[in-house]
Amino acid sequence: MSFSEERFREHLKQVVSSQTNDSERPLTFSELKELAESMGVSESEWLELMQKAEVSLTTGLRHLKVENYTDAIVSAEEATAINPYIKDGNAILAQSYYKLGIVDQDDELFYKAEQYARMELKNDPLDSIALNVLSAIEQIRKEGKYSGKLIKTIALIAGGIILIFVLLYTCTGNNTPSQEVQAAVYENLDFKRLQGNAKKLEASYIQAIETRNERALELVGRIDNRSLKKEFSSAITDYDFDDIKKSEQEYRLVLSEVKSEVRIDNTTRITLEGADNRINVAKKRYVEALALYNNSVEQADNPGTHKPITQR
């Protein structure tokens with residue numbers, strides 16, 4: 001009888017709990033198997049679990065190769081949760097977190113990448129992927145590069161300094177600005193910050209679409225139907241970024257026809273799915289930032305030159 005989903009989740013819970021309670025001495029592979037057997041897991045079910053871990057890790061590696069780092073992490077974490085000793089499991093997590101850290105400019109992701117790299121080296125002291133990740137992170141530290149979170153922190157500190165100077169000016173200046181003027185200054189600073197963040201995320205959203213479109217063009221050469229080939233090529237090359245909603249509808253409509261006529265291999269399929277996932281994530285961040293800016297403009301008493309931005 002196959003291993004039930006409920007028992008599978010309980011198995012993962014037991015593994016995580018055991019490792020957390022005695023983090024200095026994680027379970028050995030034999031103890032891991034004994035734990036499963038104590039839950040009534042048969043030999044065939046144990047082998048099924050190990051196979052599931054291998055499949056999850058292979059899926060994670062495929063996502064990593066096409067730069068779909070978020071899904072790579074999800075798959076690799078599922079694999080290592082089942083079998084913490086699976087070959088290259090922590091190495092793939094280390095590389096995925098490192099790559100995602102570069103994209104998001106987030107120190108927390110670099111920290112996780114370092115953790116997983118060191119865990120991999122405990123299993124295999126000569127693992128080249130883990131060693132390369134640690135070396136790359138060390139280089140980033142030496143060069144003094146700042147992540148997005150650090151930049152935000154610095155910006156907040158700078159904002160605090162500006163406030164101090166404004167307050168000092170209010171107390172000591174001959175031409176003391178009114179409270180209304182002070183409020184307008186603070187409001188203006190916040191508008192610029194929110195607007196800048198929305199523009200930055202808008203650029204990331206567009207870049208994600210452009211990257212997806214470049215990869216989709218690789219399918220054009222596989223289409224035998226001349227009319228369909230022309231239509232699909234046009235949907236990509238004539239993509240209107242001023243009307244993304246319409247362009248996406250046209251692209252997806254033609255893509256569905258292409259999929260019905262062209263046999264798409266797994267690598268290409270995963271590549272396109274990964275690109276679409278990145279577009280969805282980028283769009284979500286952009287829409288949220290845009291809504292925050294537009295709401296601030298609408299609620300402001302004196303928005304001044306700041307106007308709401310229309311979503312692409």
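**Helix packing exercises**

H3 passes H4 in a left-handed crossing (the near helix is turned anticlockwise from the far one by less than a right angle; clockwise would be right-handed). This is a predicted model, where local features need pLDDT of at least 70, side-chain atom pairs count only at pLDDT 80 or more, and totals for chains, interfaces and linings use all residues. Residues are numbered from 1 along each chain as its sequence is written, and side-chain values use heavy atoms, leaving out hydrogens and water.

**Exercise 1.** Work out how H3 is oriented relative to H4.

*Solution.* Start with the axes, lines fitted to C-alpha atoms over the stretch in contact, with angles from 0 to 180 degrees between N-to-C directions. Those of H3 and helix H4 (residues 69-82) come within 7 Å and cross at roughly 160 degrees. That makes H3 roughly antiparallel to H4, since angles over 145 degrees count as such, under 35 as roughly parallel, 65 to 115 as roughly perpendicular and the rest as oblique. Next, sort the residues in contact: ten are nonpolar, five polar and three charged.

**Exercise 2.** Do the orientation of H2 against H3, then list who touches whom.

*Solution.* The axes of helix H2 (residues 29-38) and helix H3 (residues 43-65) come within 10 Å, crossing at roughly 125 degrees. So H2 sits oblique to H3. The crossing of H2 past H3 is right-handed. Now the contacts (heavy atoms within 4.5 Å): Phe29, Leu32, Lys33 and Ala36 in H2 meet Glu43, Trp46 and Met50 in H3. Sorted by type, that's five nonpolar, no polar and two charged.

How values were computed:
Helix = DSSP H or I, 4+ residues; strand = E, 2+ residues; numbered from the N terminus. Nonpolar A, V, L, I, M, F, W, Y, C, P; charged D, E, K, R; others polar.
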